[in-house]
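Please read them beside the coordinates.

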Amino acid sequence: MSRKEIDLANLRLSAAVRNGDAAAAAALYTEDGKLLPTHADFVTGHGAIQGFFQAVIDGALKGLNISTLELDIQEDTAHEMGTYEMIAEGGVVIDNGKFIVIWNRVDGNWLLHRDMINTSLPAISAEGRIAV
């Protein structure tokens, strides 16, 4: 796997979100893939991952920008660390943060196996104050 292959896979994920295609997004994960979103439990397997993407696409997510900062490739596994921006209608950034992905090569294809995202925005308390 090369940096180019990771960049292309990330572009496919971004395109799936932009096109509102939750099934295409989920297909980029391994069968037992796990998505670990901020403020939520594990999202495990294609069906649950598709449901997660459908919910956020139906909500406000219209785009996803992904930037790889570090990439370590070891045979059929790779570790990626980077940043993301979630985009709403009109190009408004609604979230930004960092991520770590473990990629697995399955039948010659690189798929997201573990995907942990973590917002860089401050948490807001029930009273509307920034929680620290």
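1. Asp107 sits in the loop between S5 and strand S6 (109–119); helices (H or I, at least four residues) and strands (E, at least two) are DSSP runs, numbered from the N terminus. Although Asp107 is not a glycine, its phi is positive, at about 50°. The residue is exposed, with a relative accessible area of 76%. Here buried means under 20% relative accessible area, exposed over 50%, and partly exposed in between (1.4 Å probe, protein chains only).

2. On provenance: this is a predicted model, in which local features need pLDDT of at least 70 and side-chain atom pairs count only at pLDDT 80 or more, while totals for chains, interfaces and linings use all residues. Residues are numbered from 1 along each chain as its sequence is written, and side-chain values use heavy atoms, with hydrogens and water left out.

3. His39 is another non-glycine residue with a positive phi, about 60°. Its place is the loop between strand S1 (29–36) and strand S2 (43–44). With a relative accessible area of 74%, His39 is exposed.

4. For the overall fold, the protein chain has three helices and eight strands. Read from the N terminus, the order is α-α-β-β-α-β-β-β-β-β-β. The radius of gyration of the protein chain is 15 Å, close to the 14 Å that the globule rule gives for 132 residues, so the chain is as compact as a globular protein of that length. That radius is taken over C-alpha atoms, and the globule rule is 2.2 Å times the number of residues to the power 0.38. Along the principal axes, the C-alpha atoms fill a box of roughly 50 × 30 × 25 Å.

5. Some totals for the protein chain follow. Of its 132 residues, 36% are buried. Among contacts with a separation of 6 or more, 45% are between residues 24 or more positions apart, where contact means heavy atoms within 4.5 Å. The accessible surface is about 7,500 Å², and carbon and sulfur atoms hold 54% of it; the areas come from the Shrake-Rupley method with a 1.4 Å probe, and for residues only the protein chains shown count as cover.

6. Helix H1 (residues 3–18) has 16 residues and reaches 22 Å from its first C-alpha to its last, close to the 22 Å expected at 1.5 Å a residue. The expected span is 1.5 Å times one less than the number of residues. The buried residues in H1 are Ile6, Ala9, Asn10, Leu13, Ser14, Ala15, Ala16 and Val17. Their cover includes helix H2 (22–26), helix H3 (45–59), strand S3 (63–74), strand S4 (77–87) and strand S5 (93–106). Asp7, also in helix H1, is partly exposed at a relative accessible area of 31%.

7. Leu64 lies in strand S3 and counts as buried at 13% relative accessibility. Setting aside residues up to four places away in sequence, Leu64 touches Leu13, Ser14, Val17, Tyr84, Glu85, Met86 and Ile87. Leu64 and Ala15 are 49 residues apart in sequence, and their C-alpha atoms are 8.1 Å apart in space.

8. Ile87 belongs to strand S4. Is this residue buried or exposed? Ile87 is buried, with a relative accessible area of 12%. Beyond four places in sequence, the residues that Ile87 touches include Leu61, Leu64, Val92 and Ile94. Ile87 and Leu61 are 26 residues apart in sequence and 5.8 Å apart, C-alpha to C-alpha.

9. Thr83 is also in strand S4, and at 31% relative accessibility counts as partly exposed. Leaving aside neighbours within four places in sequence, Thr83 is in contact with Asn65, Ile66, Ser67, Leu69, Gly97, Lys98 and Phe99. Thr83 and Phe99 are 16 residues apart in sequence and 5.9 Å apart in space, C-alpha to C-alpha.
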